[in-house]
Amino acid sequence: MKRRQLLTGLGAGGLGAAALSALNAGAAHAQTGDPIPIGAALPMSGPSAGDGIEFKNGLDLAAAEINAAGGILGRPVEIHIEDTREMGADLVGQAMQRLIDRYNTPAIVNGYNLGANMVELDVAADNDVIVLHNNTQIAHQERVKSDPERYYGGFQTDPAEYWYGPGCLNFLNELVDAGQWKPANRKIAIVASAVEYSIVIGNAIRDKAAEFGWEVSVYETVPFPTNQWGPVLAKLREDPPAAILVTHFLAQDLAQFMTQFLTQPTPSLIYMQYGPSLPVFREIGGEAINGVIYSTVIGGLPDAFAAKYREDYRANFGDTASWLTGSQTYDALWMYATAAAVAGGPGEPFNGEQARKVAGVLKGMVHRGMSGSFRFDPEGLVAYSYPTETKDPSLGLPHQFLQHQDYRTDPKLIGPQLYADSQFMLPPWLS
Amino acid sequence: MNTFYAVLVSGLTVGALYAIASIGLSLVWGALGVLNMAHGAMLTLGGYVAYGVITGLGLPVPLGIFASVAFGALAGGLIYVLIVRNVLRQAKADFEANVMIATVGAAIALENGILLVFGGQPLRQPVTVSGSFELGPLIVPWQNFIIMVAAVLAMAVIASLLNYTRMGRAIRATAQNRDAARLMGVAADRVYLIVLMLSGAVAGICGLLLSAMVQLSPSLGNDPMLKAFIMCVVAGLGSLPGAVLVSFGLALLEAWVQYQFGARWGFPLLLCAVVVVLIWRPSGLLGKTEVRRM
């Protein structure tokens, strides 16, 4: 198979191990066999360590598979990790620069880093490297659009956090319309934490609430991180809303919320986002988490396509490892490897010409990964969200709604309908 | 009215945690006149030791509790042997500053050691009690109740030790004037060792209680260390009863502010309290003014 043929076929579907093997077999030049260093600036300690460890797992698994398929044009990939600890622009920027300076990484595949203020894009631009991250921020597309020529190499491999807002309200209304949930009133309470990501989601819900027929009775912002929920819960119990929407996302804090909430539960549906996908949420919360609904705009799907990935992930990293989270970096590395192979190689830092070729392939490709279909908005270089942003499931990552129905097992996917494998169940404190 | 009681329970629980964290810090400051910057890391150690013994080794819970106290005391002893004793031997060294800087290093080493051994992922402390009980209009989670009782017990034990034992008298004498105490036959070095071990033991139990309330992570002790420092400054550095009173007072105020004005205003309130107290009473609410003659 010729590279040109593959490029032509990109729009029709994703490229996987078979395609990469074909590219490797057909590559007539250059196979030096030297490893290609790939960097990852991950929160391996600090409050997001639970995610950081899964991001590393995802990278390790993808690297092993890519190398088994012949690497990138015959060169194996080699993962190098720098810890971003408590995150923030200073730590993330320094970690990325160290990766480039020490290992000469042509690409950096991060999970998410909080409070980085999109420093990833500047480091990538200054060094002519490709960066793929899951910061889940609308700020990414705004920065890229402000100077597309400079930020050509920065890709956000998941949709912006904004889509959590309308997506969540739409889901609540679907439950009501289907008769699966009868809300006690039309009030919702929003609990955000003092980080941009959480606040943007909280604001998106608040701004769209009336449009979807809901009234915001409480909007509370808690410190980040937080684990003492007493005063917030006291406020919620004063005027119980039909749904409590927590946009803070640290799994351990959310588990504490549930433990403390259940001492005196209100007749409210509990919706959270992202954090409950981590095993630590189940470990810390135990039975108290049964009934919690959460959503994520990116995460491994429990479908047949991802079955082998799930199996391999747990075989490699243990039964409690979160393949839902690890899929983020797993998919991102596969996308990069394929794009670099199609572009004729990864290049190296400060080789802007080659980096632009890789970026060009990424920009045009559609990749069916473990989390769904990746396609980047060509202007903002951010993955599309299905069904709120695009109605075409083959061109967007499903905004997944899951429910913990039994803390001893994986959460159940209850939306969107196209992907759901289970039905919503009323939480124990409501039934 | 239920809201009032809910905020009260929350404030008292947090106050108990602040108090028990402040006691250890205040004890060392009072006796040695130095700030043990490794106090937070010792607290983290206590939580992880209990986890390691109960979950890792599969030993009974009481043994895990005992181990967290014992390892806390051991860590305090090591700080004395490795840092305090050596700094004391250097006649020209600035004792307070050197101990403070050295304990920052010890804290970093301890935190990273925990990170290497247990990893960065948050872990569930196995010593937890679920459920709650009703006391009139109050609904008190058992976990909160146990934390409050344990904090009160720890305070009572420390107070008894200081007030009614020979060792307590030696500690108080050394705290008042190290040189005078030495001249009167008090083995100041041994007092320092005992104080650091005692402080470590309290940190160990505090770490256990705290991690039962939240979860284990290598940075577990950082926030309580900061809060304990705030309590000690507001109370007056080295004042044990002051630290306890201020811990409960400020925690209740913090809980009320969080409820009334929003959770995000709790910590700024504590910082404001420090600023106001430092301006109004530089030696703290219950601290004694230090007179230095030229």
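Which helix of chain A does A:Val358 lie in? I looked it up: A:Val358 sits in helix α14 of chain A. Helices here are DSSP runs of H or I with at least four residues, strands are runs of E with at least two, and numbering goes from the N terminus.

**Ground rules.** I am reading a predicted model, where local features need pLDDT of at least 70, side-chain atom pairs count only at pLDDT 80 or more, and totals for chains, interfaces and linings use all residues. Residues are numbered from 1 along each chain as its sequence is written, while chains are lettered from A and ligands numbered from 1 in the order in which they are written.

**Back to A:Val358.** My cut-offs: buried takes 20 or more other C-beta atoms within 10 Å of the residue's own, exposed takes 12 or fewer, partly exposed is in between, and C-beta atoms are placed from the backbone. Leaving aside residues up to four places away in sequence, A:Val358 touches A:Ile130, A:Ala339, A:Ala340, A:Ala343, A:Pro346 and A:Gly347. Touching, or being in contact, means that two C-beta atoms, placed from the backbone, lie within 7 Å. I also took A:Val358 with A:Asp147: they are 211 residues apart in sequence and 19 Å apart in space, C-alpha to C-alpha.

**A:Gly372.** I found A:Gly372 in strand β12 of chain A, which covers residues 372-375. Buried or exposed? A:Gly372 counts as buried, with 30 C-beta neighbours inside 10 Å. Residues up to four places away in sequence aside, A:Gly372 touches A:Leu301, A:Leu397 and A:Pro398. Between A:Gly372 and A:Leu395 I noted 23 residues in sequence and 8.7 Å in space, C-alpha to C-alpha.

Most residues other than glycine have a negative phi, and most peptide bonds are trans. I went looking for exceptions in chain A.
- The peptide bond from A:Phe224 to A:Pro225 is cis, with omega near -10°. I placed A:Pro225 in the loop between β7 (215-222) and α9 (230-238) of chain A.
- The bond from A:Tyr386 to A:Pro387 is a cis peptide bond, with omega near 5°. A:Pro387 is in the loop between β13 (385-386) and β14 (397-398) of chain A.
- A:Met118 is not glycine, yet its phi is positive, near 60°. A:Met118 belongs to the loop between β3 (107-109) and α5 (119-127) of chain A, and A:Met118 is buried, with 20 other C-beta atoms within 10 Å.
- A:Phe350, also a residue other than glycine, has a positive phi near 70°. Its loop runs between α13 (323-342) and α14 (352-364) of chain A, and A:Phe350 is partly exposed, with 13 other C-beta atoms within 10 Å.

**Domains of chain A.** How is chain A divided? I have domain 1 as 3-159 + 302-386 and domain 2 as 162-296 + 399-415, with bounds from an automatic or database domain assignment. Taken over C-alpha atoms, the centres of domain 1 and domain 2 of chain A are separated by 30 Å. In contact are 16 residues of domain 1 and 14 residues of domain 2 of chain A. On the domain 1 side, α3 (49-68), α13 and β13 of chain A each supply at least two residues. That side has 7 nonpolar, 8 polar and 1 charged residues. The classes: Ala, Val, Leu, Ile, Met, Phe, Trp, Tyr, Cys and Pro are nonpolar, Asp, Glu, Lys and Arg are charged, and the others, Gly among them, are polar.

**Chain B against chain A.** I found 26 residues of chain B in contact with 30 residues of chain A. On the chain B side, α1 (2-32), β2 (138-141) and α10 (240-261) each give at least two residues, and α1(B) gives the largest share, 6 residues. By class, that side of chain B has 14 nonpolar, 10 polar and 2 charged residues.

**A helix pair in chain B.** The contact is made by B:His39, B:Gly40 and B:Leu43 of α2(B) with B:Asn222, B:Pro224 and B:Met225 of α9(B). I count these residues as 3 nonpolar, 3 polar and no charged.
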